[in-house]
Amino acid sequence: MDLKQDVFADVEATTDEETVIASNTSSLSVTEMASVLDHPERAIGLHFFNPPHLMDLVEIVVAEQTDERTETFAVDYVKKLDKADVIVRDTAGFASSRLGIALGLEAIRMVDHGVASPADIDTSMSIGYAHPMGPLELTDHVGLDVRLQIAEYLRKELGERFKPPQSLRRKVRAGKLGKKTGEGYYVWEDGNRVGMSGEWGEDDE
């Protein structure tokens, strides 16, 4: 948050008061970011889904201070990019991250409890529910460290249902952060999934 606020302040210092200032964030409060601005009404969140060149959705996050002009500008901007927009109020996790983290954490718990392998859980969601990829593969793409940070933030804001599973903590401590390090819930080589990481069904919590 400190870094986001510093960048917002730097941008405001070099632009006129009509310039819209936006941040791409999946969970941090845009209202808090905007609080450092002299003209916070021109601040808004634009949550581009990863990878943005393939994903069509942009979540427009309206802060407490955001005025109607800024919101309208953001909607028009997203439409000009030929992407789909959803408008959400600035609450913890917004809409997409809150739902996505809930699904991802439950998938990790299912692995920990030995319900099924990561691959079979992911297949059940990709084929059964038409998700582009399952929640565990998505966790590897996003980064286990990022998922853990978001979960901890949502736990603080929304309660114990977002408590991170122990296997997620252990993997992050071990530097197994997903695709970017070559191992998370899967093993990756040259950007391709080549196997599953370790044993599953080890934890009881």
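Tutor: A salt bridge is a side-chain nitrogen of Lys or Arg within 4 Å of a carboxyl oxygen of Asp or Glu. The structure holds 10 salt bridges. This is a predicted model, in which local features need pLDDT of at least 70 and side-chain atom pairs count only at pLDDT 80 or more, while totals for chains, interfaces and linings use all residues. Residues are numbered from 1 along each chain as its sequence is written, and side-chain values use heavy atoms, with hydrogens and water left out.

Student: How do you know where domain 1 and domain 2 lie?

Tutor: Domain 1 covers 1-89 and domain 2 covers 95-196; these bounds come from an automatic or database domain assignment. Their C-alpha centres lie 27 Å apart.

Student: What does UniProt list for residues 93-188?

Tutor: An unreviewed UniProt entry gives "domain: 3-hydroxyacyl-CoA dehydrogenase C-terminal" there; positions follow the numbering used here, feature names are shortened, and annotations may be inferred rather than shown by experiment. Over residues 93-188 the chain is 61% helix and 3% strand.

Student: How do you know that domain 1 and domain 2 are in contact?

Tutor: Contact means heavy atoms within 4.5 Å, and 7 residues of domain 1 are in contact with 5 residues of domain 2. The area buried between the domains is about 580 Å², with carbon and sulfur atoms giving 53%. Buried area is the accessible area (1.4 Å probe) that two parts lose on being put together, summed over both. Ser-26, Ser-27 and Glu-59 supply 55% of the area that domain 1 buries against domain 2, more than any other three residues.

Student: How many salt bridges does the rule find across this interface?

Tutor: The rule finds 0 salt bridges between domain 1 and domain 2.

Student: Which residues does Val-172 touch?

Tutor: Val-172, in helix α8 (residues 166-173), touches Leu-144, Asp-145, Leu-148 and Leu-177, not counting residues up to four places away in sequence.

Key:
Helices (H or I, at least four residues) and strands (E, at least two) are DSSP runs, numbered from the N terminus.
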